[in-house]
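Reader: I would like to learn how to read some features of a protein model. Can we go through them one by one?

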Amino acid sequence: MSLRFNAKSTVLGLFASGALFASLPALPTESMNLQSSRGITAHLEHNYFNWNGDQDRSGWQRITPVTITYAKKNWEIGLRRAYIESENESTGSQGRVATWSDTSLSTAFTLGQLAWPVRLSLDYNEPNGKASLEGDEKNAIMDAHLVQQTRFGEGRNVTPGISVTRALGAKDTFGVGLSKVFRGAFDPNSDVANDRTNPGDETIATVQWHHAEQKWLVTGGLTYIHSGVTKREDVDYYRKGELWNFDATGVAFVGTRQQLVATYRYSYRERDRYINNVSGQLEKERFNSNGESHFLALDWAYKWHPQHVLHVLADYLDIARNEYDQINSLFIPRRKKWGVGLRYDYHISSRSSISVSAKHFRMEDEQSPNRPTGEDYDGSNVYLLASIEF
């Protein structure tokens, strides 16, 4: 068995690391497409977060998803569900939720015989989680940069998509994709009457490019997300601004035992629109309440045995302050977050593997009129992934 790293192991390794999950939406179906062979594959994950902040603020969250995929010839089918425990232990804001998530179903068909291979996909979210919260349960929703799940259920969503790829010579691949998320309505708060919410549908367009050399490769892309109008009881309420994401990943292979992966992502959201109570129309906010963000992650891996790989992980997130003046209630200060950790991969056989990672992170919010001294958070994240192919 060779000690050499390859592109496939690099992609699967990124899936195994906890870093990717910080940026993905709740219970992402993207992971269903990471097939290393045809047949049935089962993934069992466990993601644990624990954090502490100033003024007796703390909390934790455990997420245990199970993903089963089946692939044969040009077809891929996947099912994913998770058990979630989330508890906010902050003084005066205690709250706990323990529930199964919604069920995610995914299917895709690839027309691989074409000169420009086409992949057709359809994702479905069955709303059998806990979308409606009551009483102190709402306190179990915590900051998205401290835990992973900020929602325990939503509406019935349907997402058709299409992507096209084209090989440009032996080293380059170009791809474009388009999908539409049709979101269903749900009641987020059982303590409030007449607040049934229908989140705006989303249109997602992507452009990707991949270039591979013998000792290195690079992948880059641009994603555009257009959000529709969020309604409450069928009345226009809010619309998120257009989101632009640029990402780039570089991989360097050092000999047959070492590999370095560097990932950079830039995100910018345009101004949101809110309902004007006088005119009854949605109007673009005066200043942008969304701060742009930069994210950088590094992963150095050393394979000392065909079955054993050790990773050293580091990442940094910087979210700029938004455009409102500090005296405005809509002002959000600058946020910085960095983390370091280790990951260990054990390849039991060609069809089964286990990965475990542990990270420590620190997050700092700069001072503002509401918090003159700013606010600091410390936390940890332990992630386990077990995979087996049949």
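Reader: Is S179 buried or exposed?

Author: First, the ground rules. This is a predicted model, in which local features need pLDDT of at least 70 and side-chain atom pairs count only at pLDDT 80 or more, while totals for chains, interfaces and linings use all residues. Residues are numbered from 1 along each chain as its sequence is written, and side-chain values use heavy atoms, with hydrogens and water left out. Buried means under 20% relative accessible area, exposed over 50%, and partly exposed in between (1.4 Å probe, protein chains only). S179 has a relative accessibility of 17%, so it counts as buried.

Reader: Where is S179 found, and which residues does it touch?

Author: Helices (H or I, at least four residues) and strands (E, at least two) are DSSP runs, numbered from the N terminus. S179 belongs to strand β8, residues 172-181. Contact means heavy atoms within 4.5 Å. Not counting residues up to four places away in sequence, S179 touches T159, P160, G161, E202, T203 and I204.

Reader: Is A115 buried or exposed?

Author: A115 has a relative accessible area of 58%, so it is exposed. It is found in the loop between β5 (103-111) and β6 (118-126).

Reader: Which side chains make polar contacts with the side chain of D345?

Author: A polar contact is a pair of N or O atoms within 3.5 Å; within protein, one must be able to donate a hydrogen and the other to accept it, and residues adjacent in sequence count only if both atoms are side-chain atoms. The side chain of D345 makes one with the side chain of H311 (2.7 Å) and one with the side chain of S355 (2.7 Å). D345 lies in strand β20, residues 335-349, and is buried, at 8% relative accessible area.

Reader: How do strands β14 and β15 pair?

Author: Two strands pair if DSSP finds at least two bridges between them. Strands β14 (residues 243-254) and β15 (residues 258-269) pair in the antiparallel sense, over twelve bridges. In this pairing, V251 stands opposite V261 in β15. The hairpin has three residues between the strands, and G255 takes a positive phi near 65 degrees there.
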